[in-house]
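Dear colleague,

I am passing on the structure we spoke about, with the sequence alongside. Please look through it first, and then read the notes that follow.

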Amino acid sequence: MELVRRETQLGLLRQLLATARQGGAAAAHVTGSPGTGKSVLLRRFAEQAAHHGALVLSACATPTETDLPLGVAGQLLTGAGPHDPGPHDPGPRAGDTELPGTAPGTAASGADASRLLHHRLRELAARQPLVALVDDAQHMDEASARALLYLCGRLTASRILLVLAGPHPARPAPLPPPLAELLRHPHCTPVTLDVFDEAAVAACLATHPPGPPAAPLPADQWHRFSGGNPRLLAALAEDHRACGPVRSARPVAGTAFRAAVVACLRSAEPLTQATARALAVLADTATLTALARLLGVPERAVGPHLAELDATGLLADGRLRHAGVRAAVLEDMSAQDAAGLHLRAAALLHEGGAGPGEVARHLLAADAAGTPAPGPAWAAPLLTRAAQHAMTAGGPRQAAAYLRSAARRSGGGSRRDAHLLEMLARAEWESDPAAVTRHLDPLEQALTAGLLEGPHLLGAAGLLLWHGQTDTLARALARPAAGHAAQEAAAALAFVRPGTAPALPRQDDPHPAAERALESIAYDHAPPTPVAAVLSALLHTAETGQPARWRTLLPGSGSSRRTPARQAVAQAAAAVVCARTGAYDSAAGHAATALALLPPPAWGTAIGIPLSAAVLAATRRGDLDEAARHLAVPVPEAMFTTRAGLHYLLARGHHQLAAGRPQAALGDFHACRDTLERWQLHPATTTLDWRTPAAEALAAGAGHHPQDGHPARTLTDAERRVAVLAARGSTNRAIAARLYVTPSTVEQHLTRIYRKLRVTSRADLAHVVPADPP
């Protein structure tokens with residue numbers, strides 16, 4: 001692929017060889033950036049020259065042989081075979097160095113070496129035209145450069161074509177004087193290989209298609225990804241073919257591409273390589289000043305190296321072309337070099353007043369590369385600030401990563417370390433509540449030691465509550481503590497599990513805090529609500545007296561900033577409220593979403609909230625199999641010691657009753673009764689009404705409907721509201737609009753109402769159901 005669109009350069013070399021055959025002075029200086037095909041061009045030209053009767057002598061200079069005198073000249077003559085000295089050839093002189101390719105014992109030094117090389121090559125060219133090729137001439141030793149310079153001035157009538165290949169003219173490093181003079185010699189014709197333009201890329205793809213011709217990718221995408229560098233373009237095509245039938249709709253920067261990037265860089269100057277690494281580390285924060293400071297060189301020294309990278313096709317708008325190039329550069333660095341660069345970049349950005357997030361990104365990268373802790377003293381506080389910004393922006397995973405890095409840099413045992421632990425645990429809860437379990441014991445110890453205060457105390461209390469550690473929390477809060485946070489945590493504990501510990505501080509009414517938490521969840525307020533308030537809000541939603549209001553509020557704005565935990569809580573709360581208002585289809589959908597966002601183990605004891613809504617909704621819709629599947633989900637035993645357990649027991653009891661198991665249902669209803677009595681709560685104050693379904697279970701067990709009071713007492717709250725409106729003559733659609741439910745939900749309610757009250761029409765309802773709900 002490298003020789004596509006190189007016909008002009010190859011033709012120019014053939015023309016120079018023809019000039020040399022006719023006795024004219026001819027030399028070429030082939031230049032190009034790494035990957036543009038210099039070596040391929042030389043190899044193809046050498047094959048053609050040999051095919052047309054020329055003797056081709058080749059040499060390749062390397063950085064390791066730069067100090068080896070006459071190394072390149074020796075390579076050229078090694079391919080010429082042994083020299084048969086005549087009787088008048090001079091013998092060796094004292095102090096001379098043997099020149100390879102001449103007769104054994106023949107020595108050369110200084111001007112003599114130049115004359116010997118010239119003499120030997122002209123002797124060979126007398127028999128047949130000769131081409132002397134030197135690749136990577138920039139690494140040539142000085143003695144060889146002097147010898148070839150001597151030759152270049154005497155090419156007339158020699159039938160010798162000298163071809164030197166070197167880097168692009170943008171190469172920043174200066175050349176030794178003899179080599180620079182050689183490459184500027186008037187006999188040297190420049191032959192330049194630049195990166196491909198878009199038309200050349202299209203021609204390459206047409207000649208070497210990277211995939212099936214049925215769906216070719218636009219040439220502009222290939223040009224943009226490769227920068228027009230032939231080596232990178234060929235590697236992209238190889239990666240694209242390797243994708244097989246699942247090829248991407250755009251070029252793929254895979255293994256071959258990354259290897260090609262590394263190969264191009266290793267052919268560049270050391271400081272050019274260092275510039276590429278600095279660009280990869282700084283990424284979007286790269287500026288000329290930042291690059292110079294990171295490299296430790298003046299700003300004027302950076303420009304030539306950027307120009308060399310740009311000529312190679314690795315840059316776009318002064319930065320590495322795309323993420324694939326950056327990944328290749330980073331992968332080629334040792335862990336120690338990467339860590340050092342990221343730490344230096346962090347320090348430079350910090351000193352320059354960059355934002356915490358920009359600096360923290362480099363500290364995290366240094367951690368990943370294996371930098372030793374603790375690092376600079378300012379690192380842990382800065383990482384903490386970056387985590388706070390990330391949490392406010394709805395990025396808990398990023399915040400947790402920053403906080404873990406900060407924790408590794410802290411000694412532990414201080415109040416600041418305890419606050420850091422709580423922030424880390426809460427950030428992890430936002431994205432994966434199940435991951436918090438490893439922090440529960442340290443949080444309890446910090447609470448007991450009095451190291452947590454304010455929102456940190458409330459957050460730790462909420463995490464313990466979420467995972468059912470109510471006894472643990474009660475012990476931690478039993479110590480004398482002042483402040484609103486301690487009182488709010490105690491109130492949350494008393495609400496989630498009433499009567500946990502009588503010695504707790506004064507317990508405020510949790511309802512206002514729960515209302516605020518619901519609004520925070522619904523409207524995606526930042527910073528995130530402490531977990532204690534979230535859990536209280538979730539439970540309070542199931543018992544709120546304003547279900548219609550919360551039903552319209554809880555789905556919220558659907559903001560993308562919401563964390564998985566907050567989205568799940570909002571969906572669970574919406575499921576509970578919809579179930580309370582009789583919108584069972586909506587309740588089932590919200591509950592399914594909540595359980596999909598967070599798997600059951602991540603819910604802790606709060607799993608009873610979405611499960612109870614799901615079970616009740618399925619039962620009311622008549623899908624008893626679905627309700628049974630929800631009831632088969634394992635739940636923690638600690639759940640039954642909390643309010644969530646009460647809701648779960650009631651929902652399970654309703655399912656048992658609908659499934660024709662009144663005795664099992666009665667057991668669940670009576671378990672709810674016993675817990676409420678132990679907590680000294682009454683159904684009227686909690687809306688956890690177990691009496692009505694228990695009476696229905698008793699009646700079902702006796703084979704008849706309960707007759708102790710008005711028959712409408714057997715109806716649920718939602719059913720009573722539907723029954724009253726239907727008895728007044730309202731249509732199903734009117735009832736649905738009035739109660740914010742679907743007409744199908746109204747039909748389901750009426751089916752159950754008719755069955756419970758043993759009526760068959762709205763007219764019959766008017767005789768059974770009073771004008772107002774009983």
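Helix α3, which covers residues 71-78, lies across β2 and β5 and runs at about 150° to β2. Please keep in mind that this is a predicted model.

Both of those strands belong to an open sheet of five strands, in which the order is β2-β5-β6-β1-β7 and the pairing is parallel. At its edges stand β2 (55-60) and β7, and because each of them has a single partner strand, one side of each is left without a neighbour in the sheet. Direction ignored, neighbouring strands of this sheet are turned against each other by 15° on average.

I looked at strand β1 with some care. With β6 (residues 160-166) it pairs in the parallel sense over six bridges, and there Ala-26 has Leu-161 as its bridge partner. Six bridges also join β1 to β7 (residues 188-193), again running parallel; here Gly-32 is the bridge partner of Leu-193, while Val-30 stands opposite Val-191.

Is β1 buried or exposed? Seven of the seven residues in this strand (residues 26-32) are buried, that is, under 20% relative accessible area, and β1 is therefore largely enclosed by the rest of the structure.

With best wishes

Technical notes
Residues are numbered from 1 along each chain as its sequence is written. This is a predicted model: local features need pLDDT of at least 70, side-chain atom pairs count only at pLDDT 80 or more; totals for chains, interfaces and linings use all residues. Side-chain values use heavy atoms; hydrogens and water are left out. Buried means under 20% relative accessible area, exposed over 50%, partly exposed in between (1.4 Å probe, protein chains only). Helices (H or I, at least four residues) and strands (E, at least two) are DSSP runs, numbered from the N terminus. Two strands pair if DSSP finds at least two bridges between them. Axes are lines fitted to C-alpha atoms, for helices over the stretch in contact, and angles run from 0 to 180 degrees between N-to-C directions. Contact means heavy atoms within 4.5 Å.
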